[in-house]
Amino acid sequence: MPNFSETHLEIDLNALEHNYRYLRSKLKRGTKFLGVVKAFAYGSDCIVIAKKLEQLGADYLAVAYISEGISLRKGGIRLPILVLHAQPQGYPLMIKHCLEPNIYSLRVLQKFLEEAKKLKQSNYPIHIKFNSGLNRLGFGTDVISKIKTLLKDRSEVNVKSVFSHLAASEDVSEDKFTLSQIKLFQSQANLFSENLESRPFRHILNTSGILNYPEAQLDMVRSGIGLYGYGNEDRFDSDLKVVASLKTIISQIHSLQPNETVGYNRAFTSAQSRRIATLPLGHADGIGRQYGNGKASVIINGSKAPIIGNVCMDMIMVDITGIDCDEGDEVLIFGKGHSAEDFAKTADTISYELLCGISQRIKRTFVGD
Ligand SMILES: *Cc1c(COP(=O)(O)O)cnc(C)c1O
């Protein structure tokens, strides 16, 4: 269906390339690079981003769910794809599309072995995840011998890698904990690899891990947010380039008299005369109500215009008093020059949530190649 909305998420593929090369420059030769493209490549566009990463020479991709991996295959992506939260119901389709599961518990290991046998697989690549302290998904150290027993003489599968995930790699005050996670993972990986014919490769770092713990890059790193231009810290953001910019136009301008109110529940009352602008996007597009009532601002002709009143489903009103602008003028919600991290912070959240929440209703456009 054609999308006639002026609101669009502009995706800069040159910025993606810059970030990829920048992150790669932090790695030793031979360290593999996995690009994380879950949740529509952090709200941008999974197929276009995956294609670009494939072109740039990424070694691996990761998604969260099997359905996301299937979309990538249908979009022509050939790279190996790790499915971080593959659930057993989807295993037959996962195998059909050559997607590689994260195996994180004895339950899913048994199910996967059954399915691989039923479908007459041999050496099907799987990835064993260890819990090193995040307490989300992964095997504990106590079951390593059990895993090895279950895998013994099971030629249906091949453990291609072992991995873990850090809990606070962006937070230097948690340095001690992060180092203990890295150490624990190494001992888990050693224990698992003992007496194995082939040594599975190892990975634990996400973007902030690459930036803060380069000595732990092991055999591969997994980067998401950094590829999209955010490094979880100002000093890293300046080396990265913002990929996604959410843009729209002014639909209508109103002049308010003192004591007039704006929007639902009359949440904003103007003490003095003001000019306000209505924008064609709202909480159904991913700009939630938490950004309303003076919290976040948008940029119009270089000036900050705060969101006033409650964010509606399909519209937002902003205060443009003192800003030289007209109906039809461009508005930057967040992006290049007005970071998603700063926008997100106004409502106590993080760039990840804001970016991934941009609804599929919003058109994606592309610049660069
Ligand atoms: C999402 C995710 C990543 C990517 O993290 P970033 O902070 O975006 O780089 C890496 N590994 C796992 C297991 C993930 O779930």
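I started with Arg-274 and Asp-319, whose side chains meet in a salt bridge at 2.5 Å, N to O. I took a salt bridge as a side-chain nitrogen of Lys or Arg within 4 Å of a carboxyl oxygen of Asp or Glu. Arg-274 lies in strand β14 (residues 274-279) and Asp-319 in strand β17 (residues 316-319), so the pair ties together parts 45 residues apart in sequence. Strands are DSSP runs of E, at least two residues, numbered from the N terminus.

The model is predicted: local features need pLDDT of at least 70, side-chain atom pairs count only at pLDDT 80 or more, and totals for chains, interfaces and linings use all residues. Residues are numbered from 1 along each chain as its sequence is written, and side-chain values use heavy atoms, with hydrogens and water left out.

Next I checked accessibility. Buried means under 20% relative accessible area, exposed over 50%, partly exposed in between (1.4 Å probe, protein chains only). Arg-274 is buried at 17%, and Asp-319 is buried at 11%.

I then looked up Glu-10. Glu-10 pairs with Lys-247 in a salt bridge, with the closest N and O atoms 3.2 Å apart. Glu-10 sits in strand β1 (residues 8-12) and Lys-247 in strand β10 (residues 244-249), so the pair joins parts 237 residues apart in sequence. Glu-10 is buried at 17%; Lys-247 is buried at 15%.

Lys-160 and Glu-100 came next, in a salt bridge at 3.4 Å, N to O. Lys-160 is in strand β7 (residues 157-163) and Glu-100 in strand β5 (residues 99-103), 60 residues apart. Lys-160 is partly exposed at 26%, whereas Glu-100 is buried at 5%.

Last, I noted the count: 13 salt bridges. Glu-17, Arg-21 and Lys-52 are linked in a network of them.

Key
Helices (H or I, at least four residues) and strands (E, at least two) are DSSP runs, numbered from the N terminus.
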